[in-house]
Amino acid sequence: MRHKKSFNHLGRKAGHRRAMLANMACSLIEHKRIVTTVAKAKALRGYVEPMITRSKTDSTHSRRIVFKQLQSKDAVSELFRSVAPKVADRPGGYTRIIKTGFRQGDAAEMCLIELVDFNEVYGKEEKSSKPKTRRSRRGGGSKKSTQNKATEKAAESGSDQKDEKATETKAESKKADDKKEEKPKKEAPKSEAKDNKKDDKSSE
């Protein structure tokens, strides 16, 4: 009977269960993702995440405690060297469980358990949404070229505007000169008409 048994025994005795979880934790740390059943993945998540939290403090004491559970030097060194620096800023939740369907044969619910910070698909989406703060040599050249193109376009548009303004001012000055020239031509016949009227009066 399972009175007050809060964790899943996974159908194994204590020694077998402990050895299986340690083996799965070593595989997860080394390969960053493994395929297993949902029940085992949930048990593994509660087993491996406290180790990852302890790996943030790289000391002899924490290494010995992790080694006591994993019993694998390669897994311990991988955990403290590559995994710990990536999860340094994450306050828990280092693993992700993705359900993949049911196993053929016994219809057990299968899943993929992986370390969150080592997934390339989700990482790319997050990077594309966030603004870039780090400059690279390859990216810097393209930025400079785009900035130069933008400045050239701005300079061309400014010169075009200046040319348009100059042509407009020239056209306005020509119109003003034409108006000045047209005014005396229109007044000339009026003066001739006045002279003709004076001659008529004098003849009378």
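Tutor: A term to begin with: helices (H or I, at least four residues) and strands (E, at least two) are DSSP runs, numbered from the N terminus. From the N terminus on, this chain reads α-β-α-α-α-β-β-α-α.

Student: How many helices and strands does the chain have?
Tutor: There are 6 helices and 3 strands.

Student: Where does the model come from, and how are residues numbered?
Tutor: This is a predicted model, where local features need pLDDT of at least 70, side-chain atom pairs count only at pLDDT 80 or more, and totals for chains, interfaces and linings use all residues. Residues are numbered from 1 along each chain as its sequence is written, and side-chain values use heavy atoms, with hydrogens and water left out.

Student: What order do the strands take in the sheet?
Tutor: The order is S1-S3-S2, in an open sheet with antiparallel pairing. Two strands pair if DSSP finds at least two bridges between them.

Student: Which strands stand at the edges?
Tutor: Strands S1 (33-37) and S2 (95-102) do; each has a single partner strand, so one side of each lacks a neighbour in the sheet.

Student: And how many bridges are there for each pair?
Tutor: S1 is joined to S3 (residues 109-115) by 5 bridges. S2 and S3 pair over 7 bridges.

Student: Which residue stands opposite Ile34?
Tutor: Ile113 in S3. Ile113 is also the bridge partner of Ile97.

Student: What's in the hairpin of S2 and S3?
Tutor: It has 6 residues between the strands, and Gly105 there takes a positive phi near 125 degrees.

Student: New topic: helix H2. What span should it have?
Tutor: H2 covers residues 38-54, 17 residues in total. The expected span is 1.5 Å times one less than the number of residues.

Student: Where is the kink in H2?
Tutor: It is centred on Arg45, at about 25 degrees. The bend at a residue is the angle between axes fitted to the seven residues ending there and the seven starting there.

Student: Which residues of H2 are buried?
Tutor: Among them are Val38, Leu44, Tyr47 and Ile52. Buried means under 20% relative accessible area, with a 1.4 Å probe and protein chains only.

Student: What do they pack against?
Tutor: The buried residues of H2 pack against helices H1 (14-31), H3 (60-70) and H4 (73-86), plus S1, S2 and S3. Contact here means heavy atoms within 4.5 Å.

Student: And what share of the chain is buried?
Tutor: 24% of its 204 residues.

Notes. Buried < 20%, exposed > 50% of the residue type's maximum accessible area, 1.4 Å probe, protein only.
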